[in-house]
There are 2 protein chains.
Amino acid sequence: MPISMKDIAKVAGVTESTVSRALADSPRVNPGTRKRIQRLAHDLGFVPSAIARGLAIKRTSTLGVVIMDIGDPFVAKMVLSIDRQAQPRGYSVILSTAGTDPEREVSAMRLLLQQRVDAIIVPDPLIADSSLSQLQQIGVPVVLINGKRYPYSVGTDSVAAGRMAVNHLLDLGHERIAYIGGNRSLDESLERQAGYEQALAGRGMPIDPALIVQGDGWVQSGERAMKQLLDLACPPTAVFCFNDLTAAGALLCAYRAGLHVPRDLSVVGFDDSTASYLVPPLTTVSQDSEKLAEAALQMALGLLAGGELPSLTTLPAELILRESTAPPRAGC
Amino acid sequence: MPISMKDIAKVAGVTESTVSRALADSPRVNPGTRKRIQRLAHDLGFVPSAIARGLAIKRTSTLGVVIMDIGDPFVAKMVLSIDRQAQPRGYSVILSTAGTDPEREVSAMRLLLQQRVDAIIVPDPLIADSSLSQLQQIGVPVVLINGKRYPYSVGTDSVAAGRMAVNHLLDLGHERIAYIGGNRSLDESLERQAGYEQALAGRGMPIDPALIVQGDGWVQSGERAMKQLLDLACPPTAVFCFNDLTAAGALLCAYRAGLHVPRDLSVVGFDDSTASYLVPPLTTVSQDSEKLAEAALQMALGLLAGGELPSLTTLPAELILRESTAPPRAGC
DNA sequence: CTGTTAGCGCTTTCAC
DNA sequence: GTGAAAGCGCTAACAG
């Protein structure tokens, strides 16, 4: 069994409270004894019990993160970023995977509540509208990342991001630009699509429904969707994808069709999760996971402290130009 | 404040212990009252405090996972798998990122100990030899994934895996096969390299030091290493890479050099983390993260229960044939 | 079957 | 500057 403050107290010939104070660097303890106790604690290999402390002060310095367990690289990146941001603030991250069932997202939170996490962060939530209201009653602050239907959320400005991506393609001279959506985080997909439509509208270009096809955020669906697009009488010369995985699928489809990217087809992804690994390296819209994590944390801790409600925080996205986009070769 | 057993007890007109028993489905309580209390607890929205429970029984049903925070997709996959395996066993996962500094790996563990995790799992450890001994003294079971220098570890049989990968290339008729290593998990890289050498030796082929080049496990290093190999007077016709990221770099390099994979160059990766997204889809050695996680958990929980020391568990790897390997086109 | 009591390891008034 | 005492929410003997 690990040694406790009581043990230290005994050895130091003081009482437990003094040890507690000394270890907390309280000014209300003689500097001499403080030093002595701290040394002693160190020498004895004392490891304070965060859970006992948590019980006593009713805060655990612990953060819950809920994800569906699908291996979305962007989500993985977010988790790591959240942890990296939490650590210096003295917070530990407890993970809870929910699977793809939206119902389970709430039960995953319940698990975290048992651990008495101080707050909960949910990247790319799949939350049903019906559950949204519950979040407020849950007892601890809940902050969503990219879940704009909920008051407390931080997210990328996906509409602007979509516009930016498509404007880039328009600037290159493309006239038939497709969008492959994803249902992974439906709101997000719709926003990106809105940006797509706005960009086209901005140039007075028509929106061809045949050029909008839904995938599910995975490679395979991207491949399938792209195939469908290429089979069109007048196929697109460029495609904007819901995320990098979808774009990877599009790339693969082009490869199999013997098309060269970007010469014959331009593709742009989203997330910058996997984009730089691909051949060719993918032009993509980058969401800064580090900044998102930081904003989410600040909001969560702000809510904890009972601060003013900053409500929704929106971060800009950045278009990363790589090698998957170029001027179109030919119209149809 | 969340409601407690005491609250329930008051409402139910019984004592706290009865509530505790009822909620634990203890047989030592009247089925009638048990039911009643359980309903009551549910209706009151009772969320048991895992930390109080942990304090009392000295087990938290909590698992620590230490990773360096680099975004290795394989590690991310492992974390998710561990969590997925832990959940049904009633365990929660607490994450602790250590950065790339091996020293911090141990301090990350100290953090987890504060949370009184029941056991610690470390995927792809970077642990210095000097720290290894400390792990045993840490007070809770520590099991490493792919860290064979430590008694308690589970891992892929990387030597066999390397052999398998290279034998595949040999079977295709390749005679100049390179290995691009990684320092990410050095032991692992050396084992994979050993497998490479054994396979060559098995066919009576010489080992050309010029064909072995070290990377660092990242895409860029793979690209750089591949370039170096292609610049050889007599370049390899196939390359076996430390991991998929390295292989992605090799792919990229080939692309830039105008080489077609697999026609002009065969490449095989390792991990199956990112392999299926690539163009062309990568032939790779798959480590089953789910099985690794399961084995690690079993070992950890076994140690916790004071069971027999299963010591090192080795799992087989599987070669996944995709589209990045083919017979060589020409010798040099 | 249920209540009483003590205690897990720490913090925090309130006195001295 | 330090000690004594109570309590955080739960479990676990030990009685009855």
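Colleague: Where two chains meet, how many residues of chain A are in contact with how many residues of chain B?

Modeller: Two residues are in contact if their C-beta atoms, placed from the backbone, lie within 7 Å, and on that rule 44 residues of chain A are in contact with 44 residues of chain B. The elements giving two or more residues to this side of chain A are α4 (50–57), α5 (73–86), β2 (92–97), α6 (102–114) and α11 (244–256) of chain A, where helices (H or I, at least four residues) and strands (E, at least two) are DSSP runs numbered from the N terminus. This is a predicted model, in which local features need pLDDT of at least 70 and side-chain atom pairs count only at pLDDT 80 or more, while totals for chains, interfaces and linings use all residues. Residues are numbered from 1 along each chain as its sequence is written, and chains are lettered from A and ligands numbered from 1 in the order in which they are written.

Colleague: Which strands run antiparallel between the two chains?

Modeller: Strands pair if DSSP finds at least two bridges between them, and here three bridges join β2(A) to β2(B), which run antiparallel. Within that pairing, L95(A) stands opposite V93(B).

Colleague: Staying with chain B, why is strand β1 largely enclosed by the rest of the structure?

Modeller: A residue is buried if 20 or more other C-beta atoms lie within 10 Å of its own, exposed if 12 or fewer, and partly exposed in between, with C-beta atoms placed from the backbone. Six of the six residues of β1(B), residues 62–67, are buried, so the strand is largely enclosed by the rest of the structure. T62(B), G64(B) and V66(B) point one way from the strand, whereas L63(B), V65(B) and I67(B) point the other way.

Colleague: Which strands does β1(B) run parallel to?

Modeller: Six bridges join β1(B) to β2(B), residues 92–97, and these two strands run parallel. The chain passes from β1(B) through helix α5(B), residues 73–86, to β2(B) in a right-handed β-α-β crossover, a term that applies if, with the strands pointing away from the viewer, the path from the first strand over the helix to the second runs clockwise. Three bridges join β1(B) to β3(B), residues 119–123, again in parallel. As for individual partners, G64(B) is bridged to I94(B) in β2(B), and L63(B) to A119(B) in β3(B).

Colleague: Is I94(B) buried or exposed, and which residues is I94(B) in contact with?

Modeller: I94(B) counts as buried because it has 24 C-beta neighbours inside 10 Å. Leaving aside neighbours within four places in sequence, the contacts of I94(B) include S92(A), V93(A) and I94(A) from chain A, together with T62(B), L63(B) and G64(B).

Colleague: Which backbone angles deserve a look?

Modeller: Most residues other than glycine have a negative phi, and most peptide bonds are trans. In this model V279(A) and P280(A) are joined by a cis peptide bond with omega about -5 degrees, and the bond from V279(B) to P280(B) is cis, with omega near -5 degrees. D25(A), which is not a glycine, has a positive phi of about 60 degrees and counts as exposed, with 9 C-beta neighbours inside 10 Å. N146(A) has a positive phi near 60 degrees and, with 22 C-beta neighbours inside 10 Å, counts as buried.
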